[in-house]
Amino acid sequence: MKIKTLLQCTLAALGLAASLAQAQTVVLYSSNNTETIETALNVVKQKNPSLTVQQVTGGTGSLMKRIQAESKNPRGDVLWSGGFGTLGAYKELLEPYKAPDLAAIPAEFRGPNNLWVGTNLHVMVLMVNERQLKGLAAPKTWSDLMKPEWKGKFAITDPSKSATAYMLVYGLLKQFGKDGLEKIATNAVVTSSSGTTYKGVAAGEYPVGLTIEYAAQEYVAGGQKEIKLVYPAEGSYLAPEGMFIIKGAKNMEAAKTLYNGLMSKEAQETLLVKNFRRPTRTDVAVSKLTSLPDLKAIKIFPLDQEQASQEYEQLVALWNLAVSKAR
């Protein structure tokens with residue numbers, strides 16, 4: 001009997017040791033909001049129950065500065081997510097990794113040499129509150145808002161305050177030149193954050209906001225029938241966001257597990273359905289899972305993400321000058 005008990009204790013101890021050996025801890029730096037992070041991690045942990053994720057949140061810029069400061073002794077393992085232009089400015093801090101599922105993501109949404117991968121796409125749209133149009137026809141194009149009758153009737157975020165707003169204003173400059181940018185600045189109400197823009201439209205402060213697809217869609221899904229998304233006929237702009245493993249990450253295997261999980265079909269589908277984050281994967285049927293159109297159904301005006309990053313100071317200066325002229 002004693003031998004049997006001893007054997008059972010030994011087996012239990014071995015089982016516990018094996019369990020501890022399989023347990024993984026990873027440190028995630030993320031600029032996403034808490035709800036989005038939890039949505040994704042719940043999916044990842046279903047397949048990887050032994051994975052423990054320690055979260056550190058903040059703006060992409062501040063997190064990249066932190067990673068840079070910690071480069072000799074990395075404290076984080078994975079960053080999720082940041083604009084491609086921003087990531088491109090810190091290539092020396094990124095660990096190359098070719099994920100097993102990489103083929104499901106188009107080359108245009110991957111970083112060079114497998115330094116990062118795009119996990120979701122922000123599409124720029126016109127968010128329209130039809131109750132506030134008061135006789136105006138809803139705009140169908142960006143250039144509609146350059147007309148005199150739209151002065152003071154739409155909101156746009158200061159490009160120096162938001163990465164997505166930066167890509168939107170950058171797109172307007174590339175598509176319509178300085179003249180078009182000045183016309184937009186002359187008519188626009190400039191807000192200090194992306195949230196102020198889309199929340200203002202939802203609350204009826206502005207008839208139209210130039211904003212992000214997923215943020216506007218949340219109000220549609222929430223039952224605000226007066227809110228409509230317009231994809232400009234001249235072309236929408238994309239702002240893909242990427243994820244990477246931090247160079248020299250101490251928890252490398254756990255980092256790869258989390259990375260694979262966040263770019264998985266299951267995670268991207270769930271983020272789409274619950275948080276309206278448009279996936280980069282080609283095997284996720286956006287229009288079948290939501291009321292959003294598939295990407296191939298949207299006309300896109302192409303932008304060079306790395307060039308956009310390099311022209312940041314120039315664009316912000318041009319925008320500030322255009323705004324000052326409008327006053």
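A search of the whole structure, which is a predicted model, finds seven aromatic pairs. One of them joins Tyr97 and Tyr259, whose ring centres are 5.2 Å apart and whose planes stand at 80 degrees, so the pair is edge-to-face. Tyr97 lies in the loop between strand S4 (94-95) and strand S5 (117-129), while Tyr259 belongs to helix H8 (residues 252-262), so this pair ties together parts that are 162 residues apart in sequence. Tyr97 counts as buried because its relative accessibility is 12%, under the 20% cut-off, and Tyr259 likewise counts as buried, at 1% relative accessibility.

Another aromatic pair is formed by Tyr237 and Phe301, which is edge-to-face, with 6.0 Å from centre to centre and 80 degrees between the planes. Here Tyr237 is found in the loop between strand S9 (227-230) and strand S10 (238-246), and Phe301 in the loop between helix H10 (286-289) and helix H11 (305-310), so the pair ties together parts that are 64 residues apart in sequence. Tyr237 counts as buried, with 0% relative accessibility, whereas Phe301 is partly exposed, with a relative accessible area of 21%. Ring pairs also bring in Trp142, which is linked with Tyr237 and Phe301 into a cluster.

The two pairs described above can be set out as follows.

| Pair | Centre to centre | Angle between planes | Geometry |
|---|---|---|---|
| Tyr97 and Tyr259 | 5.2 Å | 80 degrees | edge-to-face |
| Tyr237 and Phe301 | 6.0 Å | 80 degrees | edge-to-face |

A ring can also be faced by a charged side chain: Arg277 lies over the face of Tyr214, at 4.1 Å from the ring centre.

Note on methods:
Residues are numbered from 1 along each chain as its sequence is written. This is a predicted model: local features need pLDDT of at least 70, side-chain atom pairs count only at pLDDT 80 or more; totals for chains, interfaces and linings use all residues. Side-chain values use heavy atoms; hydrogens and water are left out. Rings of Phe, Tyr and Trp (its six-membered ring) pair if their centres lie within 6.5 Å; planes under 30 degrees apart count as stacked, over 60 as edge-to-face and the rest as tilted. Helices (H or I, at least four residues) and strands (E, at least two) are DSSP runs, numbered from the N terminus. Buried means under 20% relative accessible area, exposed over 50%, partly exposed in between (1.4 Å probe, protein chains only). A charge sits over a ring if NZ of Lys or CZ of Arg is within 6 Å of the ring centre and within 35 degrees of the ring normal.
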